[in-house]
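Biologist: I'd like to learn how to read a model like this one, feature by feature. Can we go through it together?

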Amino acid sequence: MSSNTVFEPKIIAFVCNWCTYAGADLTGTSRLKYATNVKIVRFPCTGRIDFLLLLKSFAQGADGVIVSGCHPNDCHYTSGNFHARRRWIAFRAILDLMGVDIRRIQYSWVSAAEGSKWADLVNNTVSEIRALGPYTEYQQVADYLEKGGYNGEA
Amino acid sequence: MSKIGVFICHCGENISATVDVERVSKEIGGMEGVAHAIDYKYMCSDPGQTFIKEAVKKYDLDGVVVGACSPRMHEPTFRRACAESGLNPYLCEMANLREHCSWVHEKSEETTDKAIDLVKMLVEKVKKNKPLDSIKVPVTKRALVIGGGIAGIQASLDIANTGHQVILIEKDPSIGGHMSQLSETFPTLDCSQCILTPRMVEVAQHPNIKLYTYAELESLEGFIGNFTAKIRLKAKSVNYSTCTGCGACIQKCPVKKIPSEFNAGLGTRTAIYVPFPQAVPNKPVIDRVNCNYYKRGACKICEKTCQVGSIEWDKEDEIITEQVGAVVLATGFDVKGADFFPEYGYGKFKDVLTGLQFERLASASGPTFGEIRRPSDGAIPKKIVFIACAGSRDPAKGIPYCSKICCMYTAKHAMLYQHKVHDGESTVFYMDIRAGGKNYEEFVRRAIEEDTVNYIRGRVARVYEKNGKLIVKGVDTLLGGEQVEIEADMVVLATAGVANCGSEQLAQKLHVSYDPYHFFAEAHPKLKPVETNTAGIFLAGACQAPKDIPETVGMASGAAVKVAALFSNDQLVREPVVAVVNRLAPPLYSTCVGCFMCETACPYNAIEHEEIKGRDGSLIRTIARVNQGLCQGCGTCVAFCRSKSIDIQGYTNEQVYAEVMSLLND
Amino acid sequence: MEKLRGRAAALLADGSVALIIGYEEGTKRPRPLFCRNSESTKKLIFDSRCINNLAVYITKKELVGKDRIAVTASISTLRSILQLYVENQLSEEKLLVLTVDLNGELREFVTFDEISAYVAQFELKRGEREQEILSKIEGMNREERWKFWLGEMSHCFKCYACRSACPLCYCSKCVVEVNRPQWINPWPAPLANMEWHINRAMHMVGRCTACGACGDACPVGIPIDLITRKMMKDMAPEFGYIPGQPAKQGNALSSWKLDDREQFIR
Amino acid sequence: METKYINISGLEQWFDAISASGKRIYAPVSARGQVDFMPVKHLNEVAKEYIQTTQSVKASVYPKAEVLFSYEKVHGKVNLTDFDPESVSETVLWKVHPCDAAGFKPLSAIFNWDTTDKLINAHLLKTTVVSYSCATADESCFCTSVNGSPGNVSGSDIQLTILSDGGAIAEILTAKGEALVALLPGVFEADRGDKKEKYLVDLPAKFSLEEVNAKLNKAFNSTVWKEQSERCIGCGACAFVCPTCACFDIQEDTHGSKGRRIRCWDACGFALFTMHTSGHNPREHQSQRWRQRILHKFSYMPERLSVVGCTGCGRCSRACPVDMNILEHITSIAEQ
């Protein structure tokens, strides 16, 4: 980490191959700069992105997550992003009910032509998650076993 | 223990200028399961690729990660290099150190740290990669073309001329479609029949084309290269193998007042009929709905007339089965008619016509032999009004789209009218003139300037009858919304082009998607305009959206090339990035429980029902199976499957999970 | 009751069904009963105390075999049966559904449509306890909700009674038992429990018919049925389905609308 | 050992002294509509009106999930960190019912049968059990049918019998019990001669163990298992609330080159419990799993470990979502 004072969040981006991955490639070809915190995991389509991967990311120490794919009607597979959109509507609602901090999941549509949108998305998400601080509320619970707790004693 | 080889590229200085590539290869070299890690100036160069090939052999690598540019750039290059050295190409992955790292970050420790993370991620993924073989699907080299209009005719001829078999089916008694009904065609004003008829005959005589008229698709099963089509041959009641097409039966048929479909209702036909003189095949069918014998059980005059005894009263519909490898959908379009325009008086006033009816009036083979005469009294109209966009671009009418051909044919109609009625006066009400196309704008200008057609920009509010005249009330928006009222002898509506009736059912039979207006949907609006989402089914002509003849013919040839390309190999070879449903030893067979929710999620109808049967043949369970010919590898089913019974090769649950975990494990 | 017993006995006697799943008096409350002969039908009861969702049994192959069976169904059970039909788990030739309507009349259903029409008369109501906890949760901010649920989840010992009692959890291998990769940690711990219950709620979106069997079954009293019920209610208008009235139109998450909400997508 | 009397305020003072000594105290607490063992600091936090806690006290010595050892691979070398018995804190279990306390014996027998289990023994060593004899019971209780009683002292270090004045007869049964008394010996008075039996609930035996055992020896192929288990939905509720059920699973919690091996509860009622990798399942049907549960407790354990695997607490009957009542089922087997 670059500094002891500034919190550098760990952010994972789940993106589709055809739009956002290509869009992020364009950010590179355009030499636009963005924060190093975000690492991209490539999927064929947003429809492929399993909600459990988002949960696992937080449990394993991610402070934020980006999910991005093709704009509506642009999906390489016609409807993967529509399926994903529904999945996220339901997933967000459940997480919110359970009290998971849904501000830490940023959904976006970034097309293959939107290199600058990708750079902005990363930079904005990094600064927003930085403001929220580390997601210890979630990560600490993962360590439960070490504490030898009993019934209802977290 | 894995033996992964990692190859970090400098990309000249593109990567090494901001990423400490030596540190990357050194740190990755210390990772569990990494057998060999180097960095080199240009991995994609010949010497670079040689490094990889040699390392695969020397270290007996079971996985390769190349940290270089975007996989969208060089993944095929490095996979090929691996394949050449004997490593399964799907055991090679790329970490994007250029577009996603060195080009978007400044030179710093963090940038190198990120590069290491990106490579680590792919190393963890590649540990879970499995060797994959490309998918080979056998191809039946016979095409089914549905629809015998100009699109179907062109597609059939083009495919047949590449040496492949074609089955062309047409629901009407003759091929020809709407083009055969047209008088002259824009922008050249050559006679439609004159250019079409030779092609129709060519179809009938082509050794590679099997033509079924009066036939409809019953069902289509299977997948690309391997479809089974069931075709319903509707009973013609005439034996074509003996019928000579002499036409005597038609002469004698007592039922003469049936509105002729070919003449768009302006003329009549008999119950036993040939739709038009140039029909192919030029043999009659009996219209059982209107035939006296079928209605009342008596008549049979045609049978008595027929010299060769070709009438078959008891003939029933026949269903035949054909194996085909590809399907071209060319079912065309229809025009809105009748009750759709109460405000324009269509259906109420005899002299308010559709554009298609006007085509018949203007056609030399039409009911008036090419003279423009009013259906009501046979008089030659001296004043005529054409209304463009009758229905089109009218969200209130449920048709927000532009029907595309109306501007041009309206100009053509006005021009034909002026050529035929020299003292006539023609007016066109239009919203915009859309004349994009070679020589189209010139054609419209000619109508306005040389043939003095009066163009008024504005909409018509109402058409009503007064003293035997049709009063057309509208506004001229170019004159500041001034009211215009014209006393016309005839009004022609350029009615909207709409999807053929029954297209929705047909789409469902074929499992192709369709738009809200029931036009068939192309796979991609720009890059796959003739493909559908169902592999092996292609589109030609106006069944996809309204379009004119040159565009239709172009699209038909495009579809034909797609079919020919598919038929150019004995097997279809596809990337193995497809979904698979797990199979286990009995008694589980699979963890799939057959809820078939994946079936609704799949955009390609690639999910099939597989019956698992015991040794005695009894059904044990029905589970899902992915048709590898149809699956395009989006993976939507994978994320949807509750029991994780479907996985997608190349992006398996284990692979993506390992990637995510590698980023977070410290 | 006598009508039900009589009809059940007749169905078994003439061989039209091989098994009737119903209720009998239990030691604390009515419990499931499996009648394979006319004699046992004398124990059959059917009233408002019969709350076990019997639909859970009709997908168990080892229990029902290959023969045609009958089930006495409460409204909750009927709703579950509809959803099981939607998910291709039942066949109309193999299942006869019996119920007693509000007038005490015995009703019999064979087809999906018959059940669907009958169920349509009954509105899905929110229970008092459900309303109480929901109001409590609605008054909480996010951190409080997290604490509340984490507290509840810490009691879970992963006996999976919720899963076993749910008629829609019929998978032969549940996702928690998939270990390549190990999506959900199998040991009981608050976060691993939370992951399980979030996962369960996601799997129930558009499928749950609010029978409450999971909550009733939970031995440690976690109001887990609330999560799926609330999701069902909240998502119904969003995705265009009627809560508790499964229809053969594809699952909420396997279908979509062009105008699905997306304000949250940047 | 010794019997003493302790009055109501003495109890409170003694409890505070235990609390102040730094030992963890777990006692039944009423919360969320249930009573369960929770950490407490003061006696007034302890639940009063209830028959039975939902869960047994088993988890105090055999946690739901526990780390056996952890490991890390560094430069090809594996560093192993074993379970440290010293990491277990001194614990007092307060107001344990005799049926729960009696569970420690079978539980310990299972874990020390062929190998000695380091973990559970460490917990047992650090645990002092203060039981309360039972003045109430419900229709699920049947300790008297399985060698127990409302005043059974097996497994207890101290047993208290609460008297009508709020004070208690204190039977100090073991050295651990004495050590606990020694924290505040002054509040214990000489035995007043109160009759313990007078304060115990009367619970007649419902069946004879010998009879059940004899029947079970011949019942392996009986149809009774199928009949009784038809409604069983195969969850693990009965096993997880049971004071003696000891089935466990071993899981790996790996993160890159680090990891932990975890032991967590499992249940023989789960279909996957005996599933082989091949797909073969020796206990394929629920009836076979139900048979295993009953035979294990009432036949195999008495035979091999000389201890009955059931203490008659009745928790499984209370927890079962489909009313699989163990008392009813055992009685019916005995009566066959």
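Biologist: Where is the place of B:Cys92?

Modeller: Start with the elements: helices (H or I, at least four residues) and strands (E, at least two) are DSSP runs, numbered from the N terminus. B:Cys92 sits in strand E4 of chain B, residues 92-96. Keep in mind that this is a predicted model: local features need pLDDT of at least 70, side-chain atom pairs count only at pLDDT 80 or more, and totals for chains, interfaces and linings use all residues. Residues are numbered from 1 along each chain as its sequence is written, while chains are lettered from A and ligands numbered from 1 in the order in which they are written.

Biologist: Does B:Cys92 count as buried or exposed, and why?

Modeller: A residue is buried if 20 or more other C-beta atoms lie within 10 Å of its own, exposed if 12 or fewer, and partly exposed in between, with C-beta atoms placed from the backbone. B:Cys92 counts as buried because it has 28 C-beta neighbours inside 10 Å.

Biologist: Which residues is B:Cys92 in contact with?

Modeller: Contact means that the C-beta atoms of two residues, placed from the backbone, lie within 7 Å. Skipping neighbours within four places in sequence, B:Cys92 touches B:Val64, B:Phe78, B:Arg79, B:Cys82 and B:Leu87. As for B:Ile231, it is 139 residues from B:Cys92 in sequence and 47 Å away in space, C-alpha to C-alpha.

Biologist: Now sheets. What is the order of the strands in the open sheet of 5 strands?

Modeller: First the rule: two strands pair if DSSP finds at least two bridges between them. Here the order is E10-E7-E6-E18-E29 in chain B, with parallel pairing. The edge strands, E10 (209-213) and E29 (537-539), each pair on one side only. Between E7 (165-170) and E10 of chain B there are 5 bridges, and B:Val166 stands opposite B:Ile209 in E10.

Biologist: Which residues touch the most other members of the largest nonpolar core?

Modeller: A nonpolar core is a set of buried Ala, Val, Leu, Ile, Met, Phe, Trp, Tyr and Cys residues joined through C-beta atoms within 7 Å. Of its 441 residues, B:Val328, B:Val491 and B:Ala540 touch the most other members. Outside four places in sequence, the contacts of B:Ala540 include B:Val328, B:Leu329 and B:Ala330.

Biologist: And how many residues of chain A are in contact with chain B?

Modeller: 35 residues of chain A meet 34 of chain B. H1 of chain A gives the largest share of chain A's side, 6 residues. To sort that side by class, Ala, Val, Leu, Ile, Met, Phe, Trp, Tyr, Cys and Pro count as nonpolar, Asp, Glu, Lys and Arg as charged, and the others, Gly among them, as polar. That side of chain A has 14 nonpolar, 13 polar and 8 charged residues.
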